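Subject: Structure handover

Hello,

Please open the structure below and keep it on screen while you read. My notes on it follow.

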Amino acid sequence: MNVKKTGLMLCLCLIAWMGLSAQNTRVKYTFNADWRLHIGDVENAQDTRFNDKTWKTVTLPAAFNEDEAFRVSILEHTDTIVWYRKQFRLPKTAKGQKVFLEFEGIRFGGEFWVNGKPVGLHENGVMAFGFDVTDLINYSGDNVIAARIDNSWRYKERATGSTYQWNNNNFYANFGGIPRNVYLHVTPRLYQTLPLYSNLQTTGTYIYAREINISKRSAVVFAETEVKNELAEAKDVTLDVVIEDLDGKVVKTFSGSPERLAAGETKILKANARVNDLHFWSWGYGYLYTVSTIVSTKGSKKEAAITDVVKTRTGFRKTRFADGLFWLNDRVLQIKGYAERSTNEWPSVGQSVPAWLSDYSNKLMVESNGNTVRWMHVTPWKQDIESCDRVGLMQLLPAGDAEGDVRGRRWEHRVMLMRDAIIYNRNNPSIIFWEGGNEKISEEHMADLKAVRDQYDPYGGRAIGSREMLDSKVAEWGGEMLYINKSAKHPLFATEYCRDEGLRWYWDDASYPYHKDGEGSKYYRSTVTNTVQTNVDARSYNHNQDSFFKELVTRWWDYFRVRPGTGTRVSSGGLKIQFHEVNSHWRGEQNYRRSGVVDAMRVPKEAFYAHQVMWNGWVDIEKHGTYICGHWNYENPKGGVQQAGEPFAKEVMVVSTGDRVELFLNGKSLGFGERSVGFLFTFPKVTWKAGTLLAVSYDEKGNELSRNQKETVGAPDHLTLKLMTAPDGFKADGSDMALVEIEVVDKQGRRCPLDNSMITFDLQGPAEWRGGIAHGGKEGNYILEKTLPVESGVNRVLIRSTSKAGKVRLTATARLANQSTPTKVSLEFKALPCASKDGLSTYMAAEHLPVNLDRGATPNTPSFTVKRKAVAVVNATAGSNEEDVRNSFDDNELSEWRNDGRLATGWITYELERDAVINEVELKLTGWRMRSYPLQIYVDDIKVFEGETDKSLGYVALPVKPTKGRFVTIKLIGQSTDNDAFGGIVEVEAAQAGELDLFKDPNATNQKGQLRVVEAEFYEAK
């Protein structure tokens, strides 16, 4: 019999065993239906006789204050005590089994009762937890669970009186109560444990791969599962493992050695085998396997086998972190993506959305060609983590913090939360990085977290580190908030960059609503001081779409320029802060943050398309693209650059991966654009004419690479509605949602980019209106309103199901410009039955969602070519402080050399490892944001550069006259000047993060020759 047939026979036998012992088979129920909610504290609500008939009926997940999402600022989110109650009944087969409750998370601290008896307390407000309620269940009748949840911003741990650092009203939107899923598990008494360390102290299963051979598509797969015997007698047990691919085909079966479990004993069972023909999980290729761990035991000949089966959906991939680089499946990948609030919220519902909507949002990040999401400050819920597995989006997962290190009990909180997060999420292949802190922590604390990782996830292929751990000997990755860092050791990448903000409906100052950059609020609220500060120049926080587009293109070039292949020390990438607008701390004129490249309803801004162009490759560009920023409808513009009597003209910006970009208007060439930073091409004064604006990009030889066009759209003609639901439809389970897009279009069906018509909606049938969001003077941002405007021709609304099936009809009505009568459009769809009995359901929405395989498997070709070659420094001399001169070339972003402040000593001479033709010098100079240094550079005795360095967010590249030599001298020739070039994005504590970047010497005017060097690098052409 061949191996495949053997595996199939084993699988069939195991299924047969499960059939023989059906009364002992594990069952997982969705426990979300039919809860009752009361806002405010109530005495004795845990009592089974308590009358909750007047309480609101809700289906979880549901934050009690969901109506406030985007209606009010994060500071105004209601924080109070709420109660949830639920009545349920278990099937008769549950008697004699184990019964567990699993909560994916609550906000913030909760106390729980079953049938009036206390079952436990959970207080960290982030992580999943579980309860063993076996002995409290009434197996022959009704049961009642009650939960008292306190979501106060100042919640204190009962035993110690300590607050939790991450319960912070700057970063962690307070969607309170039970905003995540709840499950009920019925298992045999000899069972595999749940990965819920809080309360249960259990670790569940751990699936991982070693000896991974990407080219041969093979790996040794290991399965470990914690098994507990709560029978009255010892049992001989065996662990069998079945691996199924995406199509449900069994690809491998294997078994571990028999073990004996004494009564009451807990033991980890293990098995492993080599698996061939594997599909490796990758960026944009969310290939997942189902690994069934099957524990069985046999008693007497008359006794059927008792079997417990746990199915784990996971994937296999290979990682490496070294030499300043990150490899995924043996291919170098530069990190690019987004730093996201872990609540990943939507208007009027907060974070509590169905699984398909998590996939929709997270897949959009991949479609923008992002490969990584960094969830900020606290671990996200399991639904988003599993979603990233499916869509092929790498994750950087924190445990919990706010800003900075802590000590004592609050540090213990962080260690325990990291332990719980690792145990609960270690089978999710999309998690690549564990994060120990949003700011630098001590080496001792980093070692604490690394020890947790090594204990619970030693083989997961995940690096652990922290923001700002640039010189750590313990952390395995690092990075800063705003700046460009480079390393030849562990990977360094920007954990948050480009903090600028702009609303989607602000096109430019010549388009409605005629917003100029910076108009509106002239202040921003600082997360450092938690105060509102005057900001005379508010452009960074009140951009138009065109200037926001330009800023994002400019900022990414800083990282792309120093990507892998550009030297020994490189940047591993950067994560732009926010993918979408969030109900977090705000800076500008709205009460929420507008940093996203999509808005709160996930409608793309122009910057989204800029990322699609710039990020289309693992490192180097692999697929060329071009995109014209903005629209081409300027028949009656306001403002602009035209003089009286002149036709309207405007600056046209194009993002492109080509070497040159040519612009055509109605077929006539307007010439080639001016290339500023890498991907940005500008046509400064293009006279508007109705028609087609076309941008074509070329390589250096004149071959066309890509093109993009914008058209003048006709007058508003009618409305369209587009329905988006889960692949298996809109379920009548009380929590599913439909996302509906409304557009104003011309006769040809093209979106009208300047239309902001008011739309009135009418919803009929078994569904609940949750609406959308818009701006324009309406208090509360139109949250839950049934009349709201489109913005730039489009908007979206959410509709939630009820527990009733039936036909749903949505009608939208608007009086469009220049139309005498209203126009109307309707959409009909069905709410499909979704069975729930006695408060329980076996329907798991995530199990019906497809994976995203759009990008294909990891290519087996190199991801970059070498652009330049670094020439190493072997020694250096300096005008003063020679004992510190090595700091200027030590691959440490936190060390520097400086002279004594005299012009005569403002020089360093570097000895290179060999004679080389130097054509570029790259410097990181202290005070890089604020200071310009007048310099001369010599190769041997030949002057190859003279000029003043630019201010930057890290490094400046100085092209020099190609000259061969062994010694390079950098010489200060005048007084440096200080003036912050990036003041609009300041949000760092100068005492901590600003020692080098924000350095401004109060005595600088008296020190005529101050030279300070963090890193100096020298390059020759490849």
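Start with Ser735. It sits in the loop that joins β43 (730–732) to β44 (737–745). Please bear in mind that this is a predicted model.

Is Ser735 buried or exposed? Its relative accessibility is 15%, so Ser735 counts as buried. The cut-off for buried is under 20%. Which residues does Ser735 contact, leaving aside neighbours within four places in sequence? They are Thr59, Leu60, Pro354, Arg800 and Ser801.

**Two cis peptide bonds**

The peptide bond from Leu60 to Pro61 is cis, with omega near -5 degrees. Pro61 is in the loop between β3 (56–58) and β4 (62–63).

Now go to Phe108. The bond from Arg107 to Phe108 is also cis. Its omega is near 15 degrees. Phe108 is placed in the loop between β6 (98–103) and β7 (109–114).

Why point these out? Most peptide bonds are trans.

**Two positive phi angles**

Most residues other than glycine have a negative phi. Asn115 is not a glycine, yet its phi is positive, at about 55 degrees. Look for Asn115 in the loop between β7 and β8 (117–122).

Asn818 has a positive phi too, of about 65 degrees, and is not a glycine. Its loop runs between β49 (806–814) and β50 (823–833). Is Asn818 buried or exposed? Its relative accessibility is 80%, so Asn818 counts as exposed. The cut-off for exposed is over 50%.

**Thr949**

Thr949 is another loop residue, between β57 (942–948) and β58 (956–972). With 2% relative accessibility, Thr949 counts as buried. What does Thr949 touch, not counting residues up to four places away in sequence? The contacts are Leu925, Arg931, Ser932, Tyr933, Leu935, Val956 and Leu958.

Take α5 (409–425). It has 17 residues. From first C-alpha to last, α5 reaches 24 Å, close to the 24 Å expected at 1.5 Å a residue. How many of its residues are buried? The count is 12 of 17, and α5 is mostly covered. Buried residues of α5 include Trp411, His413, Arg414, Leu417 and Met418. The run from Arg419 through Asp420, Ala421, Ile422, Ile423 and Tyr424 to Asn425 is buried as well.

Next is α6, with 14 residues (443–456). At 1.5 Å a residue, α6 should span 20 Å. Its end C-alpha atoms are 20 Å apart, which agrees. Its buried residues are His445, Met446, Leu449, Val452, Arg453 and Tyr456. Seen down the axis of α6, these fall within an arc of 115 degrees, so they line one face of the helix. Recall the general rule: an α-helix has 3.6 residues a turn, so residues three or four places apart point the same way.

What covers the buried residues of α6? The cover includes α2 (197–200), β14 (205–213), α5, β28 (431–435) and β29 (463–465). On the face turned away from the buried side, α6 carries the exposed residues Glu444 and Gln455.

Then comes α8 (606–614). Of its 9 residues, 7 are buried, so α8 is largely enclosed by the rest of the structure. Those buried are Glu606, Ala607, Phe608, Ala610, His611, Val613 and Met614.

**Cavities**

How many cavities of 30 Å³ or more does the structure hold? There are 7.

To find the largest cavity, select Asp508, Asp546, Cys629, Gly630 and Lys650. Among its 13 lining residues, these five lie nearest its centre. By type, the lining has 5 nonpolar, 3 polar and 5 charged residues. Both α7 (545–560) and β35 (649–656) supply at least two lining residues each. Which element gives the most? It is β35, with 4 residues.

Over to you.

Best wishes

Notes:
Residues are numbered from 1 along each chain as its sequence is written. This is a predicted model: local features need pLDDT of at least 70, side-chain atom pairs count only at pLDDT 80 or more; totals for chains, interfaces and linings use all residues. Side-chain values use heavy atoms; hydrogens and water are left out. On a 1 Å grid over the protein atoms alone, a cavity is a set of points where a 1.4 Å probe fits but cannot get out, and a pocket is an open set with protein on both sides within 12 Å along at least five of seven lines; lining residues have an atom within 4 Å of a point. Grid points are joined across faces, edges and corners, and a volume is the space filled by probe spheres set on the points. Ala, Val, Leu, Ile, Met, Phe, Trp, Tyr, Cys and Pro count as nonpolar, Asp, Glu, Lys and Arg as charged, and the others, Gly among them, as polar. Buried means under 20% relative accessible area, exposed over 50%, partly exposed in between (1.4 Å probe, protein chains only). Contact means heavy atoms within 4.5 Å. The expected span of a helix is 1.5 Å times one less than its number of residues. The arc is that of the directions from the helix axis to the C-beta atoms.
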